[in-house]
Amino acid sequence: MTDPLSVMMFSWEYPPRVIGGISPHVYFLSKSLAKSGVKVHVVTCDFPGAPAHEVVDGVEVYRIDSHKNPAPDFATWVYMMNLNMQKEAAAIVNKLEGKVDVFHAHDWLVATAGIGLKHVFRKPLLVTMHSTEIGRRDGLHTDTEKMIHETEAWLTYEAWKVVCCSNYMVSHVRWAFGLPEDKLVMIPNGVNTHVYENSTSEDCEAFRAKYALPDEKIVLYVGRLVYEKGIHVLINAVPKVLEKVNAKFIIVGSGYMKEQLLNIVRSMKLEHKVLFMGFVDDATLLKLQKCADVSVVPSLFEPFGIVALEAMAAKSPVVVSDTGGLSEIVDHDVTGFKAYPNNPDSLSWGITKILIDENYKKYIRENAYRKVQEKYNWQTIAQQTKNIYKTVLGEYSKSFWA
Amino acid sequence: MVGQLADYISALSTQLVKKKVETYVVTYNDSWTGAVEEASGVKVVRVANPVRTHIGVLTWDLTLNQEVERAAASIYYQAGKHVNLADVYDWHFIPAAVTLKNALNIPFVYSVESLEDHRSSDPNTPYSMSIKSIEWLGFYEAEKVSVKSEWMRDEIVRIYNVPKDKVTVISPSAKTWVRDVLKLYRTVAGGASK
């Protein structure tokens, strides 16, 4: 083991490149690890305007040319990008004179780079499985999906330990790839409460006026507009909520279901009640989360549910579907409302209850905020991750690779 | 066996062993995997693709390369980190060769049997462009390029702007064939250019 302990992380996204949840996860994890004395090198994809190498909050960030090789489709692009990531990372390891103790890959998107480097340098590989193809698609239907699933299986096979961010994901990954129990580790995802603490909610009134009428409550959805996120369940719950409360539904995010959802809203003649915002900048999102009367996470498949945690950190009461990681984050009637998954009636019941009952709303939002601060703190998570690195390196030191 | 390449590699590796060159062949086999030593003294490692379902040759190739790297790295470490060079045939294993060069300083010769421009009926499709980009990477990262005819050398210079003196023509039908190959290897052995 080098001193300090040194890890090289692979992630296809890192700020300012943000596509999904992996980018903020790797950002906060690497930063917090650096703070606890771990030398962290993040190898990620390039982004217009972002430097090829920089130090961000104590973390060495390397951005590789992700389009050096053209590719006919997304999945092929992933493997082509990995070819270049692997090549550039190999050169970085050599420049560091081999001073890397552990490789840590995030999802199948960097599988082949991680696996290849593990073998050529003979260092242990860890993987964090943020999601699975079989879960995202609710089965494996096409060759692309099967190929990705098999790549994930191979990655978890090659990894020394597989990290998942909820107990649900631990059992899901174990089932999906047939892994032994002792290979899996649960370390929760974290949320950065500081950004919410620093912003004030004083100007909510003026801010709200941009999106909703004075007598309208704000119901917020943040997420991609894709099947697994259950946004269609929320859209179907809109008229049921409106029967009881006057509200504006604000939908932040984009995805392939957008047209379909717009059509449903149009056919219900509720265009004036549902506002599709697309992507919004961070400051706007923060304010929306702070000012919303309720945040809804209606996912059908949710490995973790970071958006629920963010809402809780922003002191916005949450209604979530009782599935996956969301089931673990939220205690029903204590830190949020858990609705039956894929059930617009149950979802609208929860939304309505929070919008009508002020005391209930106050009670759950305060409990939720406390829980977030205690359990989903990045410094705690970094410490747990560091301990896993140490455990792996201890086992590795006994192997003939050491 | 897919084309004539298998026979050629078999003949060349056998000749190399006769010349006292420690020779390992890393190749693909879907079901018969592992290391064997042939009667000729050539050591062959066969790897399969851990990912069984694919959407094209490219994804198949790019995943197989990690197994090639694993096998090659095993050879490298078992040989006391002593491998002078790799000789890579066509684009398929260029990704592995490039990683081995950048990670373990093993230089490589890129032996060209054919080019995508000649194989493909439309080399401007995104698919062929991807393969061409791997060929380009091979020419860029290789210490030397080996071809079997003057015509191929001219084509590589024409299509990829490779400096002519980087490409060596070695005819397998010439009497000096193995000697020519060894001569080329000697110029490459001793570490990748940084």
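## Exercises on a predicted two-chain model

A:M9 has A:H104 as its bridge partner in strand 5 of chain A. Before you start: this is a predicted model, so local features need pLDDT of at least 70, side-chain atom pairs count only at pLDDT 80 or more, and totals for chains, interfaces and linings use all residues. Residues are numbered from 1 along each chain as its sequence is written, while chains are lettered from A and ligands numbered from 1 in the order in which they are written.

**Exercise 1.** Find out which strands pair with strand 1 of chain A.

*Solution.* Start with the terms: strands (E, at least two residues) and helices (H or I, at least four) are DSSP runs, numbered from the N terminus. Two strands pair if DSSP finds at least two bridges between them. Next, look at strand 5 (residues 102-106) of chain A, which pairs with strand 1 in the parallel sense over four bridges. Strand 2 (residues 39-45) of chain A also pairs with strand 1 in the parallel sense, over five bridges. There, A:V7 has A:V40 as its bridge partner. Finally, trace the chain from strand 1 through helix 1 (residues 22-35) to strand 2 of chain A: this β-α-β crossover is right-handed. That is, with the strands pointing away from you, the path from the first strand over the helix to the second runs clockwise.

**Exercise 2.** Decide whether strand 1 of chain A is buried or exposed.

*Solution.* Call a residue buried if 20 or more other C-beta atoms lie within 10 Å of its own, exposed if 12 or fewer, and partly exposed in between, with C-beta atoms placed from the backbone. Now go along residues 6-10: five of the five are buried, so strand 1 of chain A is largely enclosed by the rest of the structure. As for direction, A:S6, A:M8 and A:F10 point one way, and A:V7 and A:M9 the other way.

**Exercise 3.** Describe the side of chain B that touches chain A.

*Solution.* Count residues as in contact if their C-beta atoms, placed from the backbone, lie within 7 Å. The contact takes 29 residues from chain B and 29 residues from chain A. On the chain B side, helix 2 (57-78), helix 3 (94-104) and helix 5 (126-141) each supply at least two residues. Helix 2 of chain B gives the largest share, nine residues. Sorted by class, this side has 16 nonpolar, ten polar and three charged residues. Here Ala, Val, Leu, Ile, Met, Phe, Trp, Tyr, Cys and Pro count as nonpolar, Asp, Glu, Lys and Arg as charged, and the others, Gly among them, as polar.

Conventions
Contact = placed C-beta atoms within 7 Å.
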